[in-house]
Amino acid sequence: MPTLGDTSDLSSSDERGLGDRIARELYRDPDYLDDPVLAEYVQGIWEPLLAAARKRGDLSPELSQRFAWEIMLGRDRTVNAFALPGGYLGVHLGLIAVVSNRDELASVLGHELSHVTQRHIARLMAKQGQQAPWMIGAMILGALAASKSADAGNALIVGGQAVAAQNQLNFSRDMEREADRVGFGVMTEAGFEAQGFVSMFGKLQQASRLNDNGAYPYLRSHPLTTERIADMQSRQGLATPGSAKAELTLEHALVAARARVLSNTDVDALRAWQFEAGSASLGTQAAPRQAGVWYGAALAASQLRDFDQARIYLERLHGLVAGDASAARLARLLQAEIALRAGDAGGAQTALNTGSNPANATSQAGTPGQAPATGRPELLLAAQIALQAGPGGQADAASGTGGAALAAVALRLQTWVAAHPRDAQAWQLLSSVQGAQHQTLRALRADAETQVARLDYAAALDRFKAAQAFSRQRASGQGGATGGVSASQAAADHIDASIIDTRQRQVELLLKEQTLDR
Ligand SMILES: [Zn+2]
């Protein structure tokens, strides 16, 4: 089958520039959320999909290199996922909460990924003709903002252009069919179950029957036409959506509960978890359902600062997940998170240490997108623990607190950001850790890199300049009578200062390009 049109007017580098512009605004949105646990879970599905798209040839090396391929989570209860220009993908927590397993989520992400790899966005953007990129960016952001509000059905006027808010990006029917076809190929190539594609359709079909469009913005941009369903059934020879029953996995039940809690932190919503946990019928439910409720109730109680109650729920949770390595890990991470919030750095470290025991880290090879036994959530928690304990904490690296712990976690964070330079949260924590170690110059640089990672080059330059000023001041004070800086410190400062100068020049160029784009 031929792909739809082979020429597109928007070059991949222009599309990336447009995507960066939109992403920069979204990073500032209070609803943007970098939750390490949810982000890792979604990333664990996204990466195998990308690898499969490359292997199948759907994703060219050029586009693979050029685009961001980044998922941005939104603290939103509605069920939605949408592709943005330049390889950014928006995913609402409501979608994570409503799917039953990785396979269902993979079916949606695979579809959205295919809109990008098939250059559907480039073609839509080309239709916008002579509009300046900032205007197109503003239109997309306006449509996104409107889709969150209650009267999302209303047309929105941005810069004199009426945009139908329900169509964040109004793909044609043919494009939707192509995204279904390519997306299905990508998800199965990545090792996800075809069943997830079918049961996700079933879920959408049911919501559509209940006319639940308010909670499912995804249905407004992706109407489930009989044509789409028939197309899927004939090509893939799959079962009818209604007959597919999705199995809720233990691990996903916890992730979904977390998404539900974090998408609605109103006091009433948090309290509602206690009622759910206290329900008499809970004991009759399947284990994943029960575990989800205990996880959600523990997290909700800790957000209400009721730590005693949170610990009771945690105990129940631990009992249910003991036999499942991934779910048990999520329970331990939650335990560490709750202890940290309660101000118990030692308890948080103990929970993390339990997880680092290799006996607990049974890997389940062969399962696509399986969570690692230890990863980014552990690292970011370890940094927060060391910061909370401070340099005055017990001087013992094993306890995870004290000056030695700060130094150890700084090293781990440095290694991490070298491999993941776009990780703003890791840079931010590194900056705090270095600040706690009185390494002012390095802390300023890491703070600048945090801004670079969020694509805010102007703010980054401010920090680089502050670092340069600090460095000059210290260098001039060095020869003075007080001579507060040792020779080895001066040598280290010199290296840091030259890195900062180089980065400052690089970011100045990036800022210039960003400004020219307008
Ligand atoms: Zn679509």
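Arg16 is found in helix H1, which covers residues 12–28. The model described here is predicted. Because buried means under 20% relative accessible area, Arg16, at 17% relative accessibility, counts as buried.

Leaving out residues up to four places away in sequence, Arg16 touches Arg66, Phe67, Ala68, Gly86, Tyr88 and Arg422.

## The four-stranded sheet

Four strands form an open sheet in the order E1-E2-E4-E3, and their pairing is mixed. Strand E1 (32–33) and strand E3 (81–84) are the edge strands, each pairing on one side only. In general, the strands of a sheet pair through backbone hydrogen bonds, either parallel or antiparallel. The pairing of E3 with strand E4 (residues 88–92) is antiparallel and extends over four bridges.

Helix H5, made up of residues 102–117, lies across strand E2 (70–74), E3 and E4. The helix runs at about 20 degrees to E3.

## The largest nonpolar core

The largest nonpolar core holds 142 residues, of which Leu49, Leu109 and Leu317 touch the most other members. Helix H2 (residues 36–56) supplies the largest share of this core, with 11 residues.

Which residues are in contact with Leu109, leaving aside its neighbours within four places in sequence? They are Val42, Ile45, Trp46, Leu49, Ile71, Leu89 and Val91.

## Helix H12

Helix H12 spans residues 250–263 and has 14 residues. At 1.5 Å a residue, this helix should span 20 Å, and the computed distance between its end C-alpha atoms, 20 Å, agrees with that expectation.

## The chain as a whole

The protein chain contains 23 helices and six strands. Of its 518 residues, 53% count as buried. The accessible surface comes to about 22,500 Å², and carbon and sulfur atoms account for 51% of that area.

Contacts were also considered between residues at least 6 apart in sequence; among these, 69% join residues at least 24 apart.

How values were computed. Residues are numbered from 1 along each chain as its sequence is written. This is a predicted model: local features need pLDDT of at least 70, side-chain atom pairs count only at pLDDT 80 or more; totals for chains, interfaces and linings use all residues. Side-chain values use heavy atoms; hydrogens and water are left out. Two strands pair if DSSP finds at least two bridges between them. Helices (H or I, at least four residues) and strands (E, at least two) are DSSP runs, numbered from the N terminus. Contact means heavy atoms within 4.5 Å. Axes are lines fitted to C-alpha atoms, for helices over the stretch in contact, and angles run from 0 to 180 degrees between N-to-C directions. Buried means under 20% relative accessible area, exposed over 50%, partly exposed in between (1.4 Å probe, protein chains only). Accessible areas come from the Shrake-Rupley method with a 1.4 Å probe; for residues, only the protein chains shown count as cover. A nonpolar core is a set of buried Ala, Val, Leu, Ile, Met, Phe, Trp, Tyr and Cys residues joined through side-chain atoms within 4.5 Å. The expected span of a helix is 1.5 Å times one less than its number of residues.
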